[in-house]
Structure formats: structure tokens, C-alpha cells
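Me: I would like to go through the labels attached to this model and see what each one rests on.
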Amino acid sequence: MSGRGRPPAISRLLEGEEGRALVTRFGHKPTVDALRVAVAQARDCGNVAAELIIAAARVAMSRKRPARLRPVWNLTGTVLHTNLGRAVLSSRAIEAATAAMARPVALEYDLASGKRGSRDDALKDALRALTGAEDAILVNNNAAAVLLVLDTFGKGGEVIVSRGELIEIGGAFRMPEIMQATGAALREVGTTNRTHLADYERAIGENTRLILKVHPSNFRIEGFTGEVSASQLAPLAQKHGIPLVNDLGSGTLADITRFGLAREPTVAEAVAEGADIVTFSGDKLLGGPQAGLAVGRTHLIESLARNPLKRALRLDKIRLAALEAVLEDYLGAPNPQEMAPTLALLARPTEEIAGRAAKLRQFVAEALGENFAVDSVECESQVGSGASPTATLPSAGLAIRATGSSELAEFAAALRALPEPVIGRMLDDALLLDLRCLLREHEQAFLANLRRLQ
Ligand SMILES: *Cc1c(COP(=O)(O)O)cnc(C)c1O
């Protein structure tokens, strides 16, 4: 088709197959409007080919649709919300990721020798320093790290796990099923509430390949209970020459009790207790991008690296660059709380949040109009992502109640339909907006977004 001469009529463009597809996707009026603009632009630049006009209109309309993955306001009170993408990253990590997206990086290239390198090398020194482990390997997420460990060492043999630790993390990640998928036979020991060292000892045999300890991330067994600690298991594993693997789940690099949070084992502690491999997530309490980290003895980490599955589970340059920056923050900061935004949110003092709730109450009430009553209230946040499942953090927020005939569920849906969706938590007769994750410097943007409620 010629690009010169008179542009095609809008009506003709609408009749064509592609024009009809645009109408189906974006509606008649928006399509006509976009085609008019595109025709005018085509005339200006001297190429009025129909396919160019259609393409320009499509691009213009696609841009206007809000992205499915646009940012939301997480006011659920769950700081590390898996469904909302877990940790938010520090500006340094974001800069590193952005640079890695825009420019080539020495991902598998050793700058010193000018030869091929390994993509995990950049982070190994930092991980050694932060965890005390000899070596480290990085994969897509912690589920992948556990999968890689079981596939590498457990295949065709037995893996001993306590019955109290046969967990389901959520979704389809269940320890027994992962094990089955890798061809490792599960050797359950002990009972749901109590497992003893002798139970492990009796289960060790010729086919034993691993002893696996799993952090019971998302539940607690209380009452008459007993588990065997990793430090008790380490000598047993060593005596029989069987690797001891500790799947920590959240795995924090900092002692979080000083933020008033319940104790979670640090990775360095787990390494010091004698585990041969420790696995943990990048985007839980570590506060980085989605990633799975395995640290431990060099010869075992090397075996993991040689498994062909590693290629399928490896991390991309964007996340590696972000994670490198996060680890640098831990190494450099006197106080990681200032560096990892997620830790800062968890550490936020209750009084400060309550003060902000009292200040914001009136502005939110004005934005919502007279059909809703807004009260500042005390509430409880939680860490999320299976870290400290039973511990809550005293917090504060705004409870919104319908005063007239308005339906609260409809209101919650309207909040979710905003340009920047606002996600709260339903209580019995109120929608609660927990303000722990609304930072003071973002309050004006939050209110501006709220005022767009129709
Ligand atoms: C969260 C968790 C996993 C899975 O980690 P992802 O990073 O979500 O894949 C595995 N094991 C334990 C103990 C966990 O808590």
C-alpha cells in the first residue's frame, strides 16, 4: 500500500479487519478518536499508509490502559505480602537494577582476566561475609533452592525429615510433593508434635542422602512439643557423612529482635550451628528481589552448580544487580533498618503510626464524603511471608464504616479500581487501612489518589 497521497477515511479504517479488532478491544469512540489523531500525525509526517495509522492508534490506546502490574497501596497490615510482591527495594537496589536493564553488565564475564566468569560470583564475597558460609549459589526463589538441593543430593535415595516439619508453604509448594518430584524418597521420622535425636539416628541407613530441617515458617505447634535443633543434628550428620540441610525460609541477615519483632534465626546462626547448606528467600525478611539463596560448604555448593537444573533456575541480571546492592547495604550500613525499606516498615514505632493516623483521619474523611465514617484505630500488623507467623506488631490505621446505604464491599472494590489501587483489610463492619506501610513522604500522593474516587 502506498504511503503517499490522501489518507484513508476513518470509516474505511474502521471497516478493515484490524480496525474492527481495535473497536472490539478499546470501544468505538476511543478508537475513532485515536484514529483521527493518528491520521493527522500521518499527514504531518507524509506517510499515510493505513497500517501505520492503525498501528499508531493501537499504541496510543494501549498506553492509556492502566497496567495490571501498576503500583498499589498495601494497607493490608501484612508487610511482606506475597500476593502484593513481598519486599520493596531500597533506592540503591532500584538504581542497580535499572542500570543493569539499560546497559550491558559483566554478568558471566570476569573483568580481571577478560575471560568467561560465573554469574553468581559477584555476590559470593558479600554472602560469605554476611553468613560465614564458605560458598553460595543463587536461584529463582527459595522453592527452587530446595528443589535444586533435593534433586542434586536426594535423587534415588532417602531424605530424612521430621513429621513436625513436613510443611506446605502455600500454593503447590509442599515438602513431600517437591521430594517426590525430584525422585527422593521421604523418610519421615518422629511425630507431629515431638521428634527426638534417636528418631533421626534410627532412620539413618545405607540409602540416606540428606537430613533436612525445615523452618516451620507459617505455623506453630504449641503444648507438648519437642524438636531436634540443627546444632544437635550436626554431629550426627557428620558422624555418618550425610549433609545436613537447613531450609530457613525467611532467613534474616539481621537480628530483628531489636525492632521489637519475634526472634527469627539468622542465616549466620544457622551456618554456625553446623548446617552444611542453608537455604533462604531473597524477598522475605532479607528485603531484596525474589531469589533463592543457598550457602554452605564449597564442595556441596559446587555440586549444586553442576546440576543442569541450575541453568533453568538461574537468576537474571536485573535481580542479581539488585541483590548485590541489597547485600552491600547490609555490609555497609551501621543499621540495616535504614537501608532495607522492608525492615524500616517493620521497625516503625507504633506511636508514630498512630500519630499519622490521627493526622490523616480528617483528610481521608473529606476525600470519601459523607456516606462514610472514618475513625483512627489501633490494630495489629503482621510480618507476612511465613516469618514470625504468630507474632503481631501493634500498629494503627483508619477504620472506614458506611453510614448510609452504601455497601462496604462495593466501596472496597472502588478503592481497588483507583489509578493506584488501595488495598485494605475487611473487618466485621469496617474496612481497615493499616497505615504501617504508608510512609509519611507518600501521604500527599496517597490522598491525591484517594480524591479520584467517584
Ligand atoms: C517461604 C518458604 C519457602 C519458599 O520460598 P520462596 O522464596 O517463596 O520460593 C520454602 N521453605 C520455607 C521454610 C519457607 O518459609
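Reply: Start with residue classes: Ala, Val, Leu, Ile, Met, Phe, Trp, Tyr, Cys and Pro count as nonpolar, Asp, Glu, Lys and Arg as charged, and the others, Gly among them, as polar. By that scheme, the lining of the largest pocket has 21 nonpolar, 8 polar and 8 charged residues. Note that the model is a predicted one.

Me: What makes a residue part of the lining of the largest pocket, and which ones are the closest to its centre?
Reply: A lining residue has an atom within 4 Å of a pocket point. For the largest pocket 37 residues line it, and Val72, Arg86, Ala87, Val88 and Leu89 are the closest to the centre. The volume of this pocket is about 1,100 Å³. At least two lining residues come from each of E1, H5, helix H15 (336-339) and helix H16 (341-347).

Me: Why is the contact of Asp283 and Arg86 called a salt bridge?
Reply: The definition asks for a side-chain nitrogen of Lys or Arg within 4 Å of a carboxyl oxygen of Asp or Glu. The N to O distance between the side chains of Asp283 and Arg86 is 3.0 Å, so the pair meets the definition. Asp283 sits in the loop between strand E11 (277-281) and strand E12 (292-296), and Arg86 in the loop between strand E1 (73-74) and helix H5 (91-102), so the bridge ties together parts 197 residues apart in sequence.

Me: Is Asp283 buried or exposed?
Reply: Buried counts as under 20% relative accessible area. Asp283 has 7% relative accessibility and therefore counts as buried.

Me: Which salt bridges does Arg401 form?
Reply: One is with Asp375, where the closest N and O atoms are 3.5 Å apart. Arg401 belongs to strand E14 (residues 387-402) and Asp375 to strand E13 (residues 372-384), so this pair ties together parts that are 26 residues apart in sequence. Another is with Asp429, at 3.1 Å between the closest N and O atoms. Asp429 is in the loop between strand E16 (425-426) and strand E17 (431-434), so here the parts tied together are 28 residues apart in sequence.

Me: Why do Arg401, Asp375 and Asp429 count as partly exposed?
Reply: The class runs between the 20% and 50% cut-offs. Arg401 has 30% relative accessibility and so falls in it. Asp375 at 35% does so too, as does Asp429 at 46%.

Me: How many salt bridges are there in the whole structure?
Reply: A search finds 28. A network of salt bridges links Asp121, Lys124, Asp125, Arg128 and Asp135.

Me: How do you know that the buried residues of helix H8 lie on the same side?
Reply: The buried residues of H8 (residues 175-182) are Met175, Ile178, Met179 and Thr182. They cover an arc of only 100° around the axis, which puts them on the same side of the helix. In general, an α-helix has 3.6 residues a turn, so residues three or four places apart point the same way. The exposed residues Gln180 and Ala181 are carried on the face turned away from the buried side of H8. The cover over the buried residues of H8 includes helix H7 (142-154), E5 and strand E7 (173-174). After H8 comes Gly183, with a positive phi near 80°.

Me: Why is Gly164 called buried?
Reply: Its relative accessibility is 16%, which is under the 20% cut-off, so Gly164 counts as buried. Gly164 is in the loop between strand E5 (158-162) and strand E6 (168-170).

Note on methods: Residues are numbered from 1 along each chain as its sequence is written. This is a predicted model: local features need pLDDT of at least 70, side-chain atom pairs count only at pLDDT 80 or more; totals for chains, interfaces and linings use all residues. Side-chain values use heavy atoms; hydrogens and water are left out. Helices (H or I, at least four residues) and strands (E, at least two) are DSSP runs, numbered from the N terminus. Buried means under 20% relative accessible area, exposed over 50%, partly exposed in between (1.4 Å probe, protein chains only). The arc is that of the directions from the helix axis to the C-beta atoms. Contact means heavy atoms within 4.5 Å. On a 1 Å grid over the protein atoms alone, a cavity is a set of points where a 1.4 Å probe fits but cannot get out, and a pocket is an open set with protein on both sides within 12 Å along at least five of seven lines; lining residues have an atom within 4 Å of a point. Grid points are joined across faces, edges and corners, and a volume is the space filled by probe spheres set on the points.
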